[in-house]
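Have a go at each one before you read the solution.

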Amino acid sequence: MATAIKEKKVSTATNTKKASTATRKKRLDKRTTVLKNKFETALKTLEQAKPFAKSLYQTEVFQLAVELASTKEGMPVIYNNAHLFDQAGVFLGGQWEDVTKMQPPFVGGSLRLRGINSIIELLSEMRMLAIAKGTYLHEGLTKEEASTFLNAVLALNLDLLSPTKMEEERISLEDHMTRAQNLFNYLGQELSFNAIANKMVQEIDRLIVQRPIMTGRILEMIQMSHRLIFSNIEEKTAKALEKYLHATSAPTPLGKDISDQREYRLRLEYAKEEELVTEARIFAQFMNETGLVSPLHAVFLRFLNRKDHDAIPAALDLSETGISSFNANKELIHDIIQISIYPETRQSIYGLAKMLDRGVLMNEPLIPAFRRLFELPLHAQVRNALSKFANEQSGMSVNGILVAGVISVLGQPLGIGQGLNPICQSARAISLWAQFDTVRLLEYITRAARDNDIEMAFEGETIHSSLLDIGVASEIQEDLDLVSILLVPHLDKIYNEMMKRTLLRGEDGHKWINPEFYGEWISRGFINVIDQFSLKVTNYSAFVKLFYATHHPDFNEGNELIYPNPVGILITNVHAELLGLHAVSIQRIQKDQHGDYRIYFYNPNNDSTQNWGQGIKASVSGFGENAGESSLPFHEFVSRMYAYHYNPYEQGDTYMVEDNLVEKVKVLAKNSWGKNYIWVS
């Protein structure tokens, strides 16, 4: 009897819950219907408004879209009207107006912002979905292009694609983030998970081949990718994602099924010699294949540093040069690992391997400069800045953090990026010194860390960074490697001061600044095609011919580039529209596997696979690029240059450069960045 009463109570409670859910759903459906009618009416009103008055009616559409997007039921309403957005003028007068100019990397940031921009971005993605699904035929964008765009957006923001999130987790989200999740869940239902996963693999592949020092974005993508592995995706794609997850977690036999790093360390203690050899080989293999490092690799390296120092070269997979450098500096390497290699600084293991392979430590004056960093007294401001990266529980010192950063820069000089900062000049400087003037770089690091000041001479006068107020960047965001965080504030101010001192000379200040800012090995010959006073393009044909005569092997009498050449380029977007001026370095000029001359260059942007329009797409692999290099066919790169240095003593005859070559470059330049300038000749 008691059981029957209990079952009756459970049944009653269940029925009550079902009734409550049904009532709530009916109420929600009614609210959605009301909002749907209001939204469609607001769209019609906006469409009928005169162009000059549309801004008065856009707000109503945005506010109703906010309410609709706050529930899953409201998303189809927005989508079903998305094909009308452009003709109604939803985006008129704003940065979302032209759908062909949208770029996937910027979508996530807009959605995560509070305010009106997040809902406009959401509406823009729904417009893109309408194009991808064929309900909106757009003359400037195909269905395939729209699908590719959305797949890239989803791949870059997998943290927002969370259909399995518990309701209580969602409740804690801010309103704009709830809307973003509703959007991504809706997009995930409408698009192919397999296509998203493929795009994710392509994105990771594209980034890791560039071997950046800062790998946070890559690691985030890899961690998020596990959400796709168990979806209905191709086996090949799933295995690729699993490989990356495996490489950054526990890739070795002894690393499997452990609860923490302590357990792994204990396993190493009792491991047989052949097991340790296997661990070293697998760690090195994954690190070299991906450029990424597992936290357990740091535990393993610290173990070898105490127990079997001679096995370290195998764990780093060193080249002959690297092994020679290791054997010549065993005590220093031991101390470097002891002070700076921890799970938290694991990525510096890759830098250490590449630093040894580059033979950096064969430069004897560098050894005492390196050792000086171990116990260098740090300026209070520097200590505070670096302390953010230290883990007190690990026992890692702030000096150790600094040494780890130095290792990465010396090992990966082309992996230095400018982050979200306008500091291409400073990033390029650090890269150049890391390649060709390591003693100078270490001296600057020491001065900045100890004194919070560095000094440079400009035309006989000493400039102290500590006495300067501002640089090019009004604020430097800390999405940089540790050496850049330390040096860039100083370099940026000194560079800006040098520019000020050359403002009234009537020529581009880089003519005098670059040899003193970067080093005396910068050629003194210099040409800028844009007149500094009139801002008109002058003598363009002579500019192009001189570059061919001083840099192209067929015209410069075979003189090879000895040092990287700092050049100025005009960056354009996918539509060949001018974005701004940028500083890069030409690393080398060689033929690719097809026999075509290419310019291989260092670009401090975080992602160097850029589309500059007119079919000009910078490549980072496939044409013999070294890690961190970009490359373009010779004439395509020249079409984006506005200034360069050259050696007048290593110059061929300019009259030998055919006019058709010049015209080919000139057409590309005039029809891209050149549209923003008046051309004199």
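Rings of Phe, Tyr and Trp (its six-membered ring) pair if their centres lie within 6.5 Å; planes under 30 degrees apart count as stacked, over 60 as edge-to-face and the rest as tilted. This is a predicted model, where local features need pLDDT of at least 70, side-chain atom pairs count only at pLDDT 80 or more, and totals for chains, interfaces and linings use all residues. Residues are numbered from 1 along each chain as its sequence is written, and side-chain values use heavy atoms, leaving out hydrogens and water.

**Exercise 1.** Count the aromatic pairs, then classify the one formed by phenylalanine 39 and phenylalanine 85.

*Solution.* The rule gives 24 aromatic pairs. In this pair the centres are 6.3 Å apart and the planes make 90°, hence edge-to-face. Buried means under 20% relative accessible area (1.4 Å probe, protein chains only).

**Exercise 2.** Classify the pair of tyrosine 548 and phenylalanine 555.

*Solution.* The centres lie 5.9 Å apart with planes at 75°, so this pair is edge-to-face. Both tyrosine 548 and phenylalanine 555 are buried. They belong to one aromatic cluster, whose members include Phe547, Trp673 and Trp679.

How values were computed: Buried < 20%, exposed > 50% of the residue type's maximum accessible area, 1.4 Å probe, protein only.
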